[in-house]
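Student: I would like to learn how to read the surroundings of a ligand in a protein model. Could you take me through it step by step?

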Amino acid sequence: MKLKIAVLPGDGIGPEITRQSVKVLKAVAERFKHEFIFEEAPVGAVAIDIDGNPLPEYTLDLCKSSDAVLFGAIGHPKFDNDPEAKVRPEQGLLRLRKELGLFANIRPVKAYEKLKDLSPLRPELISGADMVIYRELTGGIYFGEKSTSEDGRSATDVCTYHVEEIERVAHLAFKAAQLRSKKLTLVDKANILETSRLWRKTVTALGKEYPDVALDFLFIDNAAMQMIQYPKQFDVILTENMFGDILSDEASVIGGSIGLLASASVGEKYALFEPIHGSFPQATGKGIANPVASVLSAAMLLEHFGLTEEAEVIKDAVEVSLHLEVCTQDINHVHNYNTEKVGDFLEEIIIEAENINLNNENLSFGQMTII
Ligand code: IPM
Ligand code: MN
């Protein structure tokens with residue numbers, strides 16, 4: 001298959017982790033005889049520095065003329081600590097999501113058996129947890145009208161949802177539930193918010209088209225508690241933009257590190273793949289950032305194009321790296337590897353996979369030339 005992939009490394013650790021997923025995608029292309037063409041463009045704080053614009057037009061054009069976007073991370077402390085800043089890196093990502101119509105953000109969360117002691121949650125609580133969060137991505141309070149009063153003493157963010165915006169992401173979530181454990185939980189705040197009541201009404205009505213899916217509801221405050229109290233109860237979670245942002249960061253605790261969580265943002269026409277973590281400015285350039293979230297986002301990219309076997313090869317390689325503890329310091333506290341080495345290891349496993357028995361429990365470090 002021939003794919004043109006726009007690479008937007010962005011800020012902070014974005015470039016170093018994205019480099020690893022490009023490496024991994026090239027390894028997949030080599031092994032499966034695909035042709036992946038990569039083209040890079042700036043976004044976020046780096047784009048503001050070059051261009052004064054967090055999403056330059058040429059970056060947007062590149063995304064629109066590509067089959068998919070591989071996104072790194074966005075954000076810089078110099079903007080976070082300046083409430084007066086007129087342009088912010090995050091605006092680049094929000095505009096990109098809007099311009100590309102990426103209305104659904106899909107965030108799978110699972111507890112890796114090997115890492116279950118890493119989570120601050122008790123291993124027996126998280127063992128076997130496996131869910132996917134469908135977060136609405138182009139509506140709600142993120143995109144509502146924003147204003148600050150003239151005297152600067154009050155500010156407003158409006159949250160609006162239309163039935164169509166709810167329906168299109170809900171359809172995807174119901175369909176995902178049909179292919180999984182057939183359970184869908186809508187997370188909202190319907191006891192308080194009018195928008196949440198519209199979500200409940202709309203999703204309940206839509207549920208009639210998916211009689212095989214059990215639909216239930218949780219208020220966001222309760223869901224936040226249940227997420228760490230009994231995460232195994234969740235299969236597919238559907239929620240609005242802001243609740244999904246918060247809940248998915250919380251859910252990352254289950255996996256043991258936010259550095260493992262990938263995501264896909266999809267719309268009618270375009271698709272973008274990005275780790276759920278941010279730009280981790282303190283780690284920039286130190287080689288300590290975990291590339292796995294970005295690498296697994298690349299696997300989601302392949303799945304999006306029906307390249308399931310290729311995606312599985314990446315996921316297997318990640319499992320092997322976790323198994324052998326060829327991991328960055330967030331996971332391997334003692335004998336850790338740097339970002340680049342983890343990427344090299346994954347690359348090698350992918351290229352050599354046919355010659356290595358990946359199910360071999362005795363797989364040892366010595367078999368890999370890379371370590
Ligand atoms: C995410 C991030 C973004 C968001 C920021 C960087 C705009 O936190 O993708 O979860 O809030 O959506
Ligand atoms: Mn977030």
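Tutor: Let us begin with the idea of a polar contact, which is a pair of N or O atoms within 3.5 Å. Please keep in mind that this model is predicted.

Student: Which side chain has an N or O atom 2.5 Å from an oxygen atom of ligand 1?

Tutor: That side chain belongs to Tyr142. An oxygen atom of ligand 1 also lies 2.7 Å from a side-chain N or O atom of Arg97, and for Arg135 the corresponding distance is 2.8 Å.

Student: How much of the accessible area of ligand 1 does the protein cover?

Tutor: On its own, ligand 1 has 320 Å² of accessible area, and the protein covers 81% of this. The space that ligand 1 takes is the second largest pocket.

Student: Which residues are around ligand 1, and how are they divided by class?

Tutor: The residues around the ligand are Ile74, Glu90, Arg97, Arg107, Arg135, Tyr142 and Asp245. Sorted by class, this shell holds five charged residues, two nonpolar ones and no polar ones.

Student: Why does ligand 1 lie between domain 1 and domain 2?

Tutor: Ligand 1 lies between them because domain 1 (1-102 + 276-371) and domain 2 (105-266) both give residues to its shell. The C-alpha centres of domain 1 and domain 2 are 23 Å apart, and 22 residues of domain 1 are in contact with 25 residues of domain 2.

Conventions: Residues are numbered from 1 along each chain as its sequence is written. Chains are lettered from A and ligands numbered from 1 in the order in which they are written. This is a predicted model: local features need pLDDT of at least 70, side-chain atom pairs count only at pLDDT 80 or more; totals for chains, interfaces and linings use all residues. Side-chain values use heavy atoms; hydrogens and water are left out. A residue is near a molecule or strand if one of its heavy atoms lies within 4 Å of it. A polar contact is a pair of N or O atoms within 3.5 Å; within protein, one must be able to donate a hydrogen and the other to accept it, and residues adjacent in sequence count only if both atoms are side-chain atoms. Accessible areas come from the Shrake-Rupley method with a 1.4 Å probe; for residues, only the protein chains shown count as cover. On a 1 Å grid over the protein atoms alone, a cavity is a set of points where a 1.4 Å probe fits but cannot get out, and a pocket is an open set with protein on both sides within 12 Å along at least five of seven lines; lining residues have an atom within 4 Å of a point. A molecule sits in a cavity or pocket if more than half of its atoms lie within 2 Å of its grid points. Ala, Val, Leu, Ile, Met, Phe, Trp, Tyr, Cys and Pro count as nonpolar, Asp, Glu, Lys and Arg as charged, and the others, Gly among them, as polar. Domain bounds come from an automatic or database domain assignment. Contact means heavy atoms within 4.5 Å.
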